[in-house]
2 protein chains.
Amino acid sequence: MSDGPVPLARLFAMAFRDLVDDLHTRLAERGWDDHRPAFGFVLVAARDGPTDATALASLLGVTKQAASKLVDTMAAAGLVERSAGAHDARRRPVVVTARGRRLLAAAEEVYEELEEEWAGVVGRRDVETTRSTLTRVLRARHGGGLPPIRPTW
Amino acid sequence: MSDGPVPLARLFAMAFRDLVDDLHTRLAERGWDDHRPAFGFVLVAARDGPTDATALASLLGVTKQAASKLVDTMAAAGLVERSAGAHDARRRPVVVTARGRRLLAAAEEVYEELEEEWAGVVGRRDVETTRSTLTRVLRARHGGGLPPIRPTW
DNA sequence: CCCGATGTTCAACCACGTTGACCATTTGGA
DNA sequence: TCCAAATGGTCAACGTGGTTGAACATCGGG
């Protein structure tokens, strides 16, 4: 490689990968294995109240069939439960279990730890500038909200 | 979502996805379709001289079989060629074709365009702070070099 | 009361990666 | 010098996680 600055897109790919790898390593050290990156997004989405497969599908930017499979996998791992719809028998609400909340808390802890380490290298100011830059640009390009997250390749 | 700051990892995933989507859209507008994100990394790696499947494999962090398949696909698209090894009959060096170089140039153009647009939203200073922050942190965490790029999910 | 929209699931398929075995060539040490 | 290990590559079987397409039951508004 002998050219100018590295494109941001490439750096983002590396940074995302880096953080996710570390997250999984450290969760494994705490006894959490058998989980995939997408789990976190489902847990976050369902954290503040039940969601359903369709909502998850649009959040993740995949088909509802794929979202449903994902929820099944997570249910098998005891992270969420699919109850019966209260007022609408079509819906199968996804709720986070106690175990799911523990994973969520552990992941948040690790993320804080990692961002702390980043701050140790480049300083807290630059970390926050980066967070703010990303947030502002993404919101500007997606009508005020943050875009869905989905596999890129 | 009702918690504190969005984790950097999540923002990186969104930003990467966002840029790659836009890249592909704009390349398509310029007549380039039928290509995948990984193509770019192969072209960059082979740009300054022939490389081989094994080197690509370690760059991309995949098996050499997967790298080989990727090169085959790109060869079929006329972006690279696999010649016969000059001094080592085992090697099948990968060289970029003229068409490959045109794609590389187009992609660079679009990346500049996109980063220009980012600068329009948050200012050039913050864009460069972000680039520098990422570069410094990644180098610090990977022994001075940038890490491989590979699918995360 | 019925027809369209909605939430879900089943089944077949496909893209892209993996593991494992194997072949040809090169290299280096006994 | 020669043979064994290392290296670059390929073939084949398989797994994961996504897709499309169809079907099903339930809900809601005319």
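Helices (H or I, at least four residues) and strands (E, at least two) are DSSP runs, numbered from the N terminus. By that definition, A:Thr129 is placed in helix α6 of chain A. This is a predicted model, in which local features need pLDDT of at least 70, side-chain atom pairs count only at pLDDT 80 or more, and totals for chains, interfaces and linings use all residues. Residues are numbered from 1 along each chain as its sequence is written, while chains are lettered from A and ligands numbered from 1 in the order in which they are written.

**Chain A as a whole**

- Chain A contains six helices and two strands.
- Along the sequence of chain A, these elements follow the pattern α-α-α-α-β-β-α-α.
- A box of roughly 60 × 35 × 30 Å, taken along the principal axes, is filled by the C-alpha atoms of chain A.
- A residue is buried if 20 or more other C-beta atoms lie within 10 Å of its own, exposed if 12 or fewer, and partly exposed in between, with C-beta atoms placed from the backbone. Of the 153 residues of chain A, 30% count as buried.
- Two residues are in contact if their C-beta atoms, placed from the backbone, lie within 7 Å. Among contacts in chain A between residues at least 6 apart in sequence, 50% join residues at least 24 apart.

**How the two chains meet**

- In chain B, 49 residues are in contact with 49 residues of chain A. Elements of chain B that give two or more residues to this side are α1 (8-29), α2 (37-47), α5 (98-122) and α6 (124-141). The largest share, 14 residues, comes from α1(B).
- Sorted by class, the side of chain B that touches chain A has 32 nonpolar, six polar and eleven charged residues. Here Ala, Val, Leu, Ile, Met, Phe, Trp, Tyr, Cys and Pro count as nonpolar, Asp, Glu, Lys and Arg as charged, and the others, Gly among them, as polar.
- The same surface serves both copies, as 100% of the contact residues of chain B recur in chain A.

- A nonpolar core is a set of buried Ala, Val, Leu, Ile, Met, Phe, Trp, Tyr and Cys residues joined through C-beta atoms within 7 Å. The largest one has 72 residues, and those with the most contacts inside it are A:Phe12, A:Val42, B:Phe12 and B:Val42.
- Not counting residues up to four places away in sequence, A:Phe12 touches B:Phe12, B:Ala15, B:Phe16 and B:Leu19.
- The buried residues of α1(B) include B:Leu8, B:Leu11, B:Phe12, B:Arg17, B:Asp18 and B:Leu23. Their cover includes α1 (8-29), α5 (98-122) and α6 (124-141) of chain A together with α5 of chain B.
- After α1(B) comes B:Gly31, whose phi is positive, near 95 degrees.

**The surfaces near DNA**

- A residue is near a strand if its C-beta atom, placed from the backbone, lies within 6 Å of it.
- DNA strand C is surrounded by 21 residues, of which A:Asp52, A:Ala53, B:Thr63, B:Ala66 and B:Ala89 are the closest. The surface near DNA strand C divides into eight nonpolar, five polar and eight charged residues.
- DNA strand D has 22 residues around it, and A:Thr63, A:Ala66, A:Ala89, B:Asp52 and B:Ala53 come nearest. Two or more residues each come from α4 (64-76) of chain A and from α3 (53-60) and α4 (64-76) of chain B. The largest share of the surface near DNA strand D, four residues, comes from α4(A).
- By class, the surface near DNA strand D has eight nonpolar, five polar and nine charged residues.

**Two single residues**

- A:Thr129 counts as partly exposed because it has 18 C-beta neighbours inside 10 Å. Leaving aside neighbours within four places in sequence, A:Thr129 is in contact with B:Asp126 and B:Thr129.
- B:Leu59 is found in helix α3 of chain B. With 17 C-beta neighbours inside 10 Å, B:Leu59 also counts as partly exposed.
- B:Leu59 touches B:Phe41, B:Ala45 and B:Pro148, not counting residues up to four places away in sequence.
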